[in-house]
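Q: I have not looked at this one before. Can you walk me through it?

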Amino acid sequence: MNETDLTGPVVFCLALGATLLLAGKVHFSYVYGISVIGCFAMHALLNLMSMSEVSCGCVASVLGYCLLPMVTLSSCAVFFSLKGIIGTILALIIIGWCSLSASKIFISTLAMDGQQLLIAYPCALLYGVFALLTVF
């Protein structure tokens with residue numbers, strides 16, 4: 001995790017904001033604000049839990065690239081409402097997918113064996129907020 005690529009995460013945040021806009025929700029500032037706060041919080045948590053240092057740009061890159069399934073959920077919200085039981089189940093699946101993929105990347109690169117659930121939980125909370133923005 002020595003290289004930081006922030007182009008993709010910024011594009012995915014723009015895509016999430018654009019698909020939310022197509023669904024009739026103007027939440028660009030919420031998407032960027034929650035992203036920044038979540039990146040700083042995960043950066044602090046990962047630096048406290050791991051033996052090696054991780055940069056904030058690397059954390060933002062991983063969290064941003066793992067945001068792609070949430071963009072697909074937001075794209076589904078353009079065509080049909082996610083407020084029913086199907087939307088709730090779909091949102092839970094997407095939250096699990098995002099958080100497990102992000103935590104797996106963090107665990108493998110920071111050599112934190114056996115701590116995936118400890119990292120997946122805050123990731124799930126972060127992606128859960130994005131899912132709440134998308135569903136409601």
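**Ser61 and its surroundings**

A: Setting aside neighbours within four places in sequence, Ser61 is in contact with Asp5, Leu6 and Pro9. Bear in mind that this is a predicted model.

Q: Which helix does Ser61 lie in?

A: Ser61 is part of helix H3, which covers residues 56–65.

Q: Is Ser61 buried or exposed, and why?

A: Ser61 has a relative accessible area of 9%. Buried means under 20%, so Ser61 is buried.

Q: How does the lining divide into nonpolar, polar and charged?

A: There are 16 nonpolar residues, two polar and no charged.

Q: OK, now the largest nonpolar core. Which residues touch the most other members?

A: The core has 37 residues, and Leu46, Leu63, Met70, Phe106, Tyr127 and Phe130 touch the most other members. At least two residues of this core come from each of H1, H2, H3, helix H4 (68–79), helix H5 (85–110) and H6.

Q: Take Met70. What is Met70 in contact with?

A: Leaving out neighbours within four places in sequence, the contacts of Met70 are Leu16, Ile94, Ile95, Cys98, Tyr127, Phe130, Ala131 and Thr134.

Q: Back to H1. Which of its residues are buried?

A: The buried residues of H1 are Gly8, Pro9, Phe12, Cys13, Leu16, Gly17, Thr19 and Leu20. Their cover includes H2, H3, H4 and H6.

Q: What comes just after H1?

A: Gly24, which takes a positive phi of about 95 degrees.

Q: And H5, what span should it have?

A: H5 has 26 residues, so at 1.5 Å a residue it should span 38 Å. Its end C-alpha atoms are 37 Å apart, which agrees.

Q: Which residues of H5 are buried?

A: Among them are Gly87, Ala91, Ile94, Ile95, Cys98 and Phe106. What covers the buried residues of H5 includes H2, H3, H4 and H6.

Q: Last one: which residue follows H5?

A: Ala111, with a positive phi near 55 degrees.

Technical notes:
Residues are numbered from 1 along each chain as its sequence is written. This is a predicted model: local features need pLDDT of at least 70, side-chain atom pairs count only at pLDDT 80 or more; totals for chains, interfaces and linings use all residues. Side-chain values use heavy atoms; hydrogens and water are left out. Helices (H or I, at least four residues) and strands (E, at least two) are DSSP runs, numbered from the N terminus. Buried means under 20% relative accessible area, exposed over 50%, partly exposed in between (1.4 Å probe, protein chains only). Contact means heavy atoms within 4.5 Å. Ala, Val, Leu, Ile, Met, Phe, Trp, Tyr, Cys and Pro count as nonpolar, Asp, Glu, Lys and Arg as charged, and the others, Gly among them, as polar. A nonpolar core is a set of buried Ala, Val, Leu, Ile, Met, Phe, Trp, Tyr and Cys residues joined through side-chain atoms within 4.5 Å. The expected span of a helix is 1.5 Å times one less than its number of residues.
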